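I opened this model to look up its fold, its charged pairs and its core. My notes are below the display.

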Amino acid sequence: MGVPLPAVQKITTFLMFEGKAEEAMRFYTSLFADSEIRTMTRYGPGEAGPEGTVQLATFALAGQEFKCIDSFVSHEFTFTPSMSLYVQCDSDAEIERLYDALGQDGQVLMPLDSYDFSARFGWVNDAFGVSWQLNLAESD
């Protein structure tokens, strides 16, 4: 018997940026523990995308894997809040830090407050257009 291989994540969120993938990954990985950029391939000279932009990257946030690219094609669509990243925060300090950081130069969809469904919740679109729902975990 050998050492078991780590489980491969079956479903992975895939984010498409237009020239800001590396900046977004570096920002996100700075906010969460157990986060890193795992792989990154860039467009080279003469390739389809602008040289140096992200052709394909894999990164992890709190151990959860994501993929992203820099699309060299401009699309009529971008991120939408109907698809968001939901973060279960462990403390007031964590939810406030993430709300402030992710909301910087972004858009507040729901202010950080108490709601019928949560003692503390906030929803923002970040500066890259990605939508984040932040919830404070209920203490037992």
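The entries run from the overall fold to single residues.

**Ground rules.** This is a predicted model, so I took local features only at pLDDT of at least 70 and side-chain atom pairs only at pLDDT 80 or more, while totals for chains, interfaces and linings use all residues. Numbering starts from 1 along each chain as its sequence is written, and side-chain values use heavy atoms, with hydrogens and water left out.

**Overall fold.** I find two helices and eight strands. Helices here are DSSP runs of H or I with at least four residues, strands are runs of E with at least two, and both are numbered from the N terminus. From the N terminus on, the order is β-α-β-β-β-β-α-β-β-β. The C-alpha atoms fill a box of roughly 55 × 50 × 25 Å along the principal axes.

I checked contacts next, meaning heavy atoms within 4.5 Å. Among contacts between residues at least 6 apart in sequence, 53% join residues at least 24 apart.

**Surface.** The accessible surface comes to about 8,700 Å². I note that 54% of it belongs to carbon and sulfur atoms. The areas come from the Shrake-Rupley method with a 1.4 Å probe, and for residues only the protein chains shown count as cover. I call a residue buried under 20% relative accessible area, exposed over 50%, and partly exposed in between. Of the 140 residues, 37% are buried.

**Salt bridges.** How many does a search of the whole structure find? It finds seven. The criterion is a side-chain nitrogen of Lys or Arg within 4 Å of a carboxyl oxygen of Asp or Glu. Side chains of opposite charge can pair when their charged atoms come close.

I looked at Glu-22 and Arg-42: their closest N and O atoms are 2.6 Å apart. This pair links distant parts of the chain, with Glu-22 in helix H1 (residues 21–31) and Arg-42 in strand S2, 20 residues apart. Arg-42 is partly exposed, at 36% relative accessibility. Glu-22, Arg-26 and Arg-42 are linked in a network of salt bridges.

With Glu-36, the closest N and O atoms are 3.1 Å apart. With Glu-65, they are 2.9 Å apart. Glu-65 lies in strand S4 (residues 64–70) and Arg-38 in strand S2, so the pair ties together parts that are 27 residues apart in sequence. Arg-38 is partly exposed at 38%, and Glu-36 is partly exposed at 41%.

**Thr-53.** I found this residue in the loop between strand S2 (36–42) and strand S3 (54–61). Why does Thr-53 count as buried? Its relative accessibility is 17%, and the cut-off is under 20%. A polar atom of its side chain lies 2.7 Å from the backbone oxygen of Pro-50. Leaving aside neighbours within four places in sequence, Thr-53 is in contact with Thr-41, Arg-42, Tyr-43 and Asp-70.

**Helix H2.** I checked the length of H2 (residues 92–103). Its 12 residues should span 16 Å, taking 1.5 Å a residue, and the end C-alpha atoms are 16 Å apart, which agrees. The expected span is 1.5 Å times one less than the number of residues. Buried in H2 are Glu-94, Ile-95, Leu-98, Tyr-99, Ala-101 and Leu-102. Their cover includes H1, strand S5 (84–89), strand S6 (107–115), strand S7 (118–125) and strand S8 (131–136).

**Core.** In soluble globular proteins, nonpolar side chains tend to be buried together. A nonpolar core here is a set of buried Ala, Val, Leu, Ile, Met, Phe, Trp, Tyr and Cys residues joined through side-chain atoms within 4.5 Å. Which of the 29 residues in the largest core touch the most other members? They are Phe-17, Tyr-28, Trp-132 and Leu-134. The elements giving two or more residues to this core are strand S1 (13–17), H1, S3, S4, S5, H2 and S8.

**Positive phi.** Asp-34 is not a glycine, yet its phi is about 55°. Asp-34 sits in the loop between H1 and S2 and is exposed, at 59% relative accessibility. Asp-105 follows H2, with a positive phi near 60°. Asp-105 is in the loop between H2 and S6 and is exposed at 66%.

Conventions: Buried < 20%, exposed > 50% of the residue type's maximum accessible area, 1.4 Å probe, protein only. Polar contact = N/O pair within 3.5 Å; in protein donor to acceptor, adjacent residues only side chain to side chain.
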